[in-house]
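Welcome, and please keep your viewer open beside this text. We will go from selection to selection and look at what is there.

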Amino acid sequence: MFPVMLNLTGRRCLVVGGGGVALRKVDALLGEGAEITVVAPEPQARLEALAAAGKLRLERRSYLPGEAGGFALVFAATDDREVNRRVFEDAEAAGIWANVADDPQLCSFHLPARVRRGELQFAISSSGQAPFATRRLRQVLERRFGQEWGEWLAAAGEFRRRVRGLRLPPASEEGLFDTFFAATVTPTTLKCRVPLTEEVEGWLATVAGEEDAAGAPVPSEDASLPAPSAPGLVSLVGAGPGNSGLLTLRGRRRLLAADAVVCDRLAEAALPPDLPEGVEIHCVGKVAGNHPTPQEEINALLVRLARQGKRVVRLKGGDPFVFGRGGEEGEALRAAGVPFEVVPGVTAGVAVPAYAGIPVTHRREAVRVTFLTAHETIKSGGPQVRWDLLAHDPHATIVGYMGVTSLPVVTQRLLQEGMAPDTPAAIIERGTTAAQRVVTSTLAHLAADATAAGIEPPALFVISPAVRHAPLLDWFSTRPLAGRRVLVPAPAPEVVEALDVLGADVVECPLPPSSAARLVIASSPLTGCVLATRDEVEALDGERSRPGWDGGVVVWCRSSAAAERARQLGWRRVVEVGETLADLLRFMTGRSPMAAGHRHGG
Ligand code: SAH
């Protein structure tokens, strides 16, 4: 079967039949500019209506022998097989393309299932073998490709016209098309965007000198640079509490469109692994043993990048304006005349308790929430918290950030001020991630219990009557894959979704891994990876000495070829699982009789 796109404008098309199937064919033809004739003794009401509206010509009669010969394209969709056959044979005799509904033998062409986004169309064909399958595939594509693809295609068309107008050598033309595509399409997620006018002008400017290369003087280096642009925008983006799924949609869009990202340590886990390689990443967080980059240097870096005309994302853990110094950075940018915006994030103070089954408010029990840090209290001279007020408000929740060092001080002050020692309390380390640990206790004992459990930063404590609900509301740590951190090569939306719902922390990693993906992987140790092919095993082989990987990483192989290659390369924990998603999930959740590491199948 050979696919073509037909221009039906002004062409005569015949549909024989007046039922639901004929109507579907008519619907497919409407809007294509064809001159449609429908022949049917008893047409459906909608066909009558379309005829009355002048959209088609309706002949209320039986098909006449030889009639098909006068058309460009013919459809038969009657419930009389003989009539259908006659239409087809007439069309054949006249050398005209014909399609008989539900009768592949009597078709010289098939109609594909279509997905349409403006001028962009996908046509999916099973060569008449399984239309049910292509219809369902079509639904999948309908969901994956948003309406923005129509606008993207229009922009691509306009870009092509502009490029053509420059009369460049073919290689330069293709280079520009590559640039357009790479900057506007994220292949792993099938997302696209329309480029900004300035971007397009910038790309076209890069080749502006080429056409003159033969004769005209080569422009000096300075003249070939784009005109100094206005300072770029800085987006102060909240990355959420560390679980990659808790970054907002806008935050993700800003990241994917950024030229530079200035990233805090706690925010690295939320970087999109599909961040394009061209994006500069500046890590300014505290790395074990090293001091964090001083705030003034971060401010200066943001200003410098923006003045280079770059789109800058300042990625911060949680929400930028909750104990995140976002306010200070905003003020420094304003003082430097650099435009900025805030993309709020999911703050740890709400999300981390939620992952431990603790609602920060609860009707009748906790009707006020206080976010606090005792950091300042510990240092003398800083603004002080009114412990006396907090201690006497039993229907309230206290959420303490930077909890590890300040917990003993906070609990002691609250007890001194008369707060009930048996007030429920909890501390949560690395909440929302695979490494989450929760210690539940009371105000009087939490500090000692946290020390005994070896709780380390980042951790957050909650003192609240609502902590009582944690055992009942714990929805996260009870999931079958909670605590597992799994790498899956991108794109694998189905596997990612399935593992995520089962509680795993999933890194959907492009191969070869991007710099962003490496930072994400380094942020917390991997449990294992799910690999389907030899190529995937090979692409990750060299990664195993990097941070986040350790000797114990399991590789769940979805083919024997992958398993064999992994063993050859000396991967230690190779588990061969079946090819289907169900097989994989059975193995990973330990519900397969063979999950204990035996080989599966043959
Ligand atoms: N702007 C951030 C807070 C930054 S202060 C926000 O809105 O969440 C850093 C503190 O946040 C840590 O010391 C810890 O108390 C808390 N925190 C951040 N992520 C956390 C996590 N995943 N689990 C527990 N606490 C976390």
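Start by selecting Phe122, Phe145, Trp149, Trp152, Phe159, Phe177, Phe180, Phe181 and Trp203, which ring pairs link into a cluster. The model is predicted, so local features need pLDDT of at least 70 and side-chain atom pairs pLDDT 80 or more, while totals for chains, interfaces and linings use all residues. Residues are numbered from 1 along each chain as its sequence is written, and side-chain values use heavy atoms, without hydrogens and water.

The structure holds 16 aromatic pairs (Phe, Tyr or Trp rings, the six-membered one for Trp, with centres within 6.5 Å; stacked under 30 degrees between planes, edge-to-face over 60, tilted otherwise). Now zoom in on Trp152 and Phe180, a tilted pair with 6.2 Å between centres and 45° between planes. Trp152 belongs to helix α5 (residues 148-165) and Phe180 to helix α6 (residues 170-184), so their pairing ties together parts 28 residues apart in sequence. Helices here are DSSP runs of H or I, at least four residues, numbered from the N terminus. Trp152 is buried at 8% relative accessible area (buried means under 20%, with a 1.4 Å probe and protein chains only), and Phe180 is buried at 5%.

Next, select Arg12 and Phe71: the charged end of Arg12 sits over the Phe71 ring, 4.4 Å from its centre (CZ of Arg or NZ of Lys within 6 Å of the ring centre and within 35 degrees of the ring normal).

Definitions and conventions: Helix = DSSP H or I, 4+ residues; strand = E, 2+ residues; numbered from the N terminus. Buried < 20%, exposed > 50% of the residue type's maximum accessible area, 1.4 Å probe, protein only.
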